[in-house]
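Please work through each task before reading its solution.

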Amino acid sequence: MTLWQAVAAGILTALTVAALKDTNSRMAPYALAAGGGMLALWVFSRVSGPIATFAELVRESPLREHASVLLRGIGITYAAKLGADTCRDLGAEGVANRVEFCGRAELILLALPYVTKLISLAVRLVEEGVG
């Protein structure tokens, strides 16, 4: 599927949902979720190859630990955003907010070792500068 086909599918989904809301509002959220899921699968299929190539390059690099954390952070961000947007599309704003909160918490946990190292380094620099 090309970008233009994805845009057309998105517009078709939106038009279908608008029509369903007028006639059968119970089906509209499901059509919206199906269209959104189809577009998400399209994106995943498009980016999986470049991400795998990047991961392979990083695996050989001395920066592999840092790049791995970066890739996981990007994945967490997109997964939380996709989940929250899907919840919003289905009318569950409260659940969407909790999904976003879980994503933020996961990012904090992912960054915590780096924050710990940074604080340790700062303390060591201050102690060496004073002494």
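**Exercise 1.** Determine whether Glu65 is buried, partly exposed or exposed in this predicted model, and identify the salt bridge that Glu65 forms.

*Solution.* Step 1: the relative accessible area of Glu65 is 45%. Step 2: the partner of Glu65 is Lys117, with 3.6 Å between the closest N and O atoms. This separation lies within the 4 Å cut-off for a salt bridge. Step 3: Glu65 belongs to helix 3 (residues 64-89) and Lys117 to helix 4, so the bridge ties together parts that are 52 residues apart in sequence. Step 4: Lys117 is likewise partly exposed, since its relative accessibility is 49%. The charged end of Lys117 also sits over the ring of Tyr114, at 5.6 Å from the ring centre.

**Exercise 2.** Where in the helices do the salt bridges Lys81–Asp85 and Arg124–Glu128 lie?

*Solution.* Step 1: in the pair Lys81 and Asp85, the N to O distance is 3.4 Å. Both residues are in helix 3, four residues apart, or about one turn of the helix. Step 2: for Arg124 and Glu128, the closest N and O atoms are 3.9 Å apart. These two residues are in helix 4, again four residues and about one helical turn apart. Step 3: Arg124 is partly exposed at 44%, whereas Glu128 is exposed at 54%.

**Exercise 3.** Which residues are linked with Glu100 in a network of salt bridges, and is Glu100 buried or exposed?

*Solution.* Step 1: the network links Glu100 with Lys81, Asp85, Arg88 and Glu93. Step 2: Glu100 is found in helix 4, and its relative accessible area is 18%. Buried means under 20%, so Glu100 is buried. Step 3: beyond neighbours within four places in sequence, Glu100 is in contact with Ala84 and Arg88. Step 4: the whole structure contains seven salt bridges.

**Exercise 4.** Which residues make the nonpolar surface patch, and which helix supplies the largest share?

*Solution.* Step 1: Leu41, Val43, Phe44, Val47, Ile51 and Leu82 form a patch of about 510 Å². Step 2: helix 2 (residues 28-59) supplies the largest share, five residues. Step 3: Leu41, in helix 2, is exposed with a relative accessible area of 60%.

How values were computed. Residues are numbered from 1 along each chain as its sequence is written. This is a predicted model: local features need pLDDT of at least 70, side-chain atom pairs count only at pLDDT 80 or more; totals for chains, interfaces and linings use all residues. Side-chain values use heavy atoms; hydrogens and water are left out. Patches are made of residues with over 30% relative accessible area and no salt bridge: like charges are joined within 9 Å, nonpolar side chains (Val, Leu, Ile, Met, Phe, Trp, Tyr) within 5 Å. Accessible areas come from the Shrake-Rupley method with a 1.4 Å probe; for residues, only the protein chains shown count as cover. A salt bridge is a side-chain nitrogen of Lys or Arg within 4 Å of a carboxyl oxygen of Asp or Glu. Buried means under 20% relative accessible area, exposed over 50%, partly exposed in between (1.4 Å probe, protein chains only). A charge sits over a ring if NZ of Lys or CZ of Arg is within 6 Å of the ring centre and within 35 degrees of the ring normal. Contact means heavy atoms within 4.5 Å.
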